[in-house]
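Please read this report with the sequence and the structure open beside it.

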Amino acid sequence: PADRDQSALGQVLLEVGETAEEHELDPDCVLRMVMIFKNHFANTFLMANTMYCVGMMASTTVAKAPQYWSVLSKCVIAAMRYHQMDKMVLGNGAYALGNLAACSVGLKDMIAESSGTETILGTMRLHESDNILQANCCLAVSKSCRVPALSVDEDYATALKILEKASAIQEEALQLGAFRTILRSLALHPSDAVLRRTFCEAAQALAEGNSLLCTDMLPEGEQEDQSREVLPAEAGGHDEVPDEEDPKSWRLERLVKRITTMMGQDVHAIEYERGNRQVPVEEQHGRDEMVAAYASRALGQIVLARSEHKMAGLDGRFPMLVPDPDKQTVVGQVGGVQQMCDAIKQFPKKRDTVLRFTIAAMANVIRCHEGNQRLLDRHKGIDLLTASMSKWSEDKRHVALILLTLR
């Protein structure tokens, strides 16, 4: 009820969220969330806690209550717009929208149709100095625009519809300025490890499975002007969203260059000794493990585009998403293959993060691309893969992944 003790209600919302993260609740709980939005819409404290609860119950409970999808997603978006100066509401709202979009294709479509992507990007532009909010919003962009995983049992017509809708959502995000917004976010917070990871995820979501980004490379020796990305708003660096975006400005090279640059930067103190033992020379670096893993995965997914094969999606031998040669060329020329080889060399013991993500991504980047295969050989990639296979020979899954890449 509207007159209930607000502190107690806020605490209950947190407890419900923690429970709902692992357990499916009654669908009436989703209706109660909607009623809290209705009865306490102006209360920032309760709105923040309610959206946190919605985010926690998205995959377990909301996903199984489609009758409330539309009204719930609109409530979250409306609350973010109304409380646009409250960072706790906005952060939890971005968390809720991202998790809602990730749990269902139908919900993803509803969020896009209700201006959810526009709300997330607007939040990023309004609070550029808050690195935590920027990271949360990048993650929300990623989940809202990412191509859903297609089941092997999915019929062709359904799979095609999913891919077309995903491409439409990605294009809408680009038209709303997502490309410039995530680049600017990274430029303003270059040392934030969490933002680096979520930037990789957002970049992947905007580029995978489509041919929307320009694959033209800058002429050799020509440098792009990055000043507009790093200048503060009061100095004229903040770009207003134009009436119409220029698709030629969505250059894949820019995204890939940011990712490969991050992979090659030291962000932690370099360790020379660990447990009174000298650290191997190749592991003496300050690179971030999770940045290396997520950056590699992003490069591997970015190169994917819709297959033009007449049997794509109709025969298991011909998937609907395949590596695009132009995208592969960009990743190779900007240093993607080299950085992935370096990641395998620098993190030889991180089997479940860096190695798994990097080796799987490498298969996409080099497949049927002679230039990238030469780069792999030049940077000792085959030797590194063979050494990793020997080191983890008891792990059949790891060995199979390496054999697939070598093939």
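## Buried residues in helices

C341 is placed in helix α16, which covers residues 336-346. Helices (H or I, at least four residues) and strands (E, at least two) are DSSP runs, numbered from the N terminus. This is a predicted model, in which local features need pLDDT of at least 70 and side-chain atom pairs count only at pLDDT 80 or more, while totals for chains, interfaces and linings use all residues. Residues are numbered from 1 along each chain as its sequence is written, and side-chain values use heavy atoms, with hydrogens and water left out.

Is C341 buried or exposed? C341 has a relative accessible area of 1%, so it is buried. Buried means under 20% relative accessible area, exposed means over 50%, and partly exposed lies in between (1.4 Å probe, protein chains only). When neighbours within four places in sequence are left aside, C341 is in contact with M362, L376, H379, G381 and L384. Contact means heavy atoms within 4.5 Å. C341 and L385 are 44 residues apart in sequence, and their C-alpha atoms are 8.8 Å apart in space.

V337 also lies in helix α16. V337 has a relative accessible area of 1% and is therefore buried. Leaving aside neighbours within four places in sequence, the contacts of V337 are V331, G332, V365, N372, L375 and L376. From V337 to D153 there are 184 residues in sequence and 33 Å in space, C-alpha to C-alpha.

Q170 belongs to helix α9, residues 156-175. Its relative accessibility is 1%, so Q170 counts as buried. Which residues does Q170 touch, not counting those up to four places away in sequence? They are C145, V147, A205, L206, E208, N210 and L212. For E208, there is also a distance to give: a polar atom of the Q170 side chain lies 3.0 Å from the backbone oxygen of E208.

## Two loop residues with positive phi

S115 is not a glycine, yet it has a positive phi of about 70°. S115 is found in the loop between α6 (105-113) and α7 (116-126). With 27% relative accessibility, S115 counts as partly exposed.

N276 is not a glycine either, and its phi is positive at about 65°. The loop that holds N276 runs between β1 (273-274) and β2 (277-278). N276 has a relative accessible area of 78%, so it is exposed.

## Helix pairs

Axes are lines fitted to C-alpha atoms, for helices over the stretch in contact, and angles run from 0 to 180 degrees between N-to-C directions.

| Helix pair | Axes come within | Crossing angle |
|---|---|---|
| α11 (residues 193-207) and α13 (residues 252-263) | 11 Å | roughly 150° |
| α13 and α15 (residues 325-333) | 9 Å | roughly 40° |
| α2 (residues 28-39) and α4 (residues 69-82) | 10 Å | roughly 35° |

Take α11 and α13, whose axes cross at roughly 150°. This angle makes α11 roughly antiparallel to α13. Angles under 35 degrees count as roughly parallel, over 145 as roughly antiparallel, 65 to 115 as roughly perpendicular and the rest as oblique. The crossing of α11 and α13 is left-handed. A crossing is left-handed if the near helix is turned anticlockwise from the far one by less than a right angle, and right-handed if clockwise. In α11, the residues R196, F199, C200, A203 and A207 meet L252, L255, R258, I259 and M262 of α13. By class, this contact of α11 with α13 has eight nonpolar, no polar and two charged residues. Ala, Val, Leu, Ile, Met, Phe, Trp, Tyr, Cys and Pro count as nonpolar, Asp, Glu, Lys and Arg as charged, and the others, Gly among them, as polar.

For α13 and α15, the axes cross at roughly 40°. This makes α13 oblique to α15. The crossing of α13 and α15 is right-handed. L252, E253 and V256 in α13 meet K327, V330 and V331 in α15. The contact of α13 with α15 is made up of four nonpolar, no polar and two charged residues.

Helix α2 passes α4 in a left-handed crossing. On the α2 side, V30, M33, V34 and F37 meet V71, L72, C75, V76 and A79 in α4. The contact of α2 with α4 has nine nonpolar, no polar and no charged residues.

Terms used
Polar contact = N/O pair within 3.5 Å; in protein donor to acceptor, adjacent residues only side chain to side chain.
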